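Please look over the sequence and the structure before starting.

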Amino acid sequence: MRHVPHVRQGASSCGTRCASRFTRGAQRSIACRAQAEARALALARGRQTQGGASKTGPNLYGLFGRTSGTVEGYSYTQANRDKGVVWNDDTLFDYLENPKKYIPGTKMAFAGFKKPQERADVIAFLKEATA
C-alpha cells in the first residue's frame, strides 16, 4: 500500500496509524482521511462499476443494501454466504473493525480499521464510490 503524504509541506509520509508528529488538529484529520480513502480505494481495486468484474474481492457496485455473499460470479466462503448480513452504515462499521471476527471463516485477509473515524471515513468514501 502506498502511503499518503501529509498535508504540511516537508512532513514525512503517513504511517499505518497516521500518528505523525508533523500534523496537528485539522491537518491531521485531513491526512488521516486521505489515508483512509486511499486504503478504501486499494480495497475497492477499481471494482465499483456496474457490471464490473470481481477480482480479488467481489465487485462493490451497489454494496449498500446488498446481502453478503451474493455477487454473481464471485467465490465466497460458506461462512460469508451463511452470514446473510445486509450491508449498511452500521454493519459495515462493525465489519471493517475486524472482518474475521465479524464473519468467522471468511477468507478476507484485511485486518481491519481499529479507529472509529477511519471506519467512518471509509464508509463515507464507499457510499459515494459504489452508488
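For helix packing, axes are lines fitted to C-alpha atoms over the stretch in contact, and angles run from 0 to 180 degrees between N-to-C directions. The model is predicted.

**Exercise 1.** Determine which secondary structure elements the protein chain holds.

*Solution.* The protein chain comes to 5 helices and 0 strands, and from the N terminus on its elements run α-α-α-α-α. Of its 131 residues, 38% are buried.

**Exercise 2.** Describe how H3 and H5 pack, giving the angle and the distance between their axes.

*Solution.* Helix H3, residues 89-97, packs with helix H5, residues 116-129, at an angle of about 130°, and their axes are 10 Å apart. Angles of 65 to 115 degrees count as roughly perpendicular and those over 145 as roughly antiparallel, and H3 and H5 are therefore oblique to each other. Their crossing is right-handed.

**Exercise 3.** Identify the residues through which H3 and H5 meet, and sort them by class.

*Solution.* From H3 come Asp89, Leu92, Phe93, Leu96 and Glu97, which meet Pro116, Arg119, Ala120, Val122, Ile123 and Lys127 of H5. Sorted by class, this contact has 7 nonpolar, no polar and 4 charged residues.

Technical notes: Residues are numbered from 1 along each chain as its sequence is written. This is a predicted model: local features need pLDDT of at least 70, side-chain atom pairs count only at pLDDT 80 or more; totals for chains, interfaces and linings use all residues. Side-chain values use heavy atoms; hydrogens and water are left out. Helices (H or I, at least four residues) and strands (E, at least two) are DSSP runs, numbered from the N terminus. Angles under 35 degrees count as roughly parallel, over 145 as roughly antiparallel, 65 to 115 as roughly perpendicular and the rest as oblique. A crossing is left-handed if the near helix is turned anticlockwise from the far one by less than a right angle, and right-handed if clockwise. Contact means heavy atoms within 4.5 Å. Ala, Val, Leu, Ile, Met, Phe, Trp, Tyr, Cys and Pro count as nonpolar, Asp, Glu, Lys and Arg as charged, and the others, Gly among them, as polar. Buried means under 20% relative accessible area, exposed over 50%, partly exposed in between (1.4 Å probe, protein chains only).
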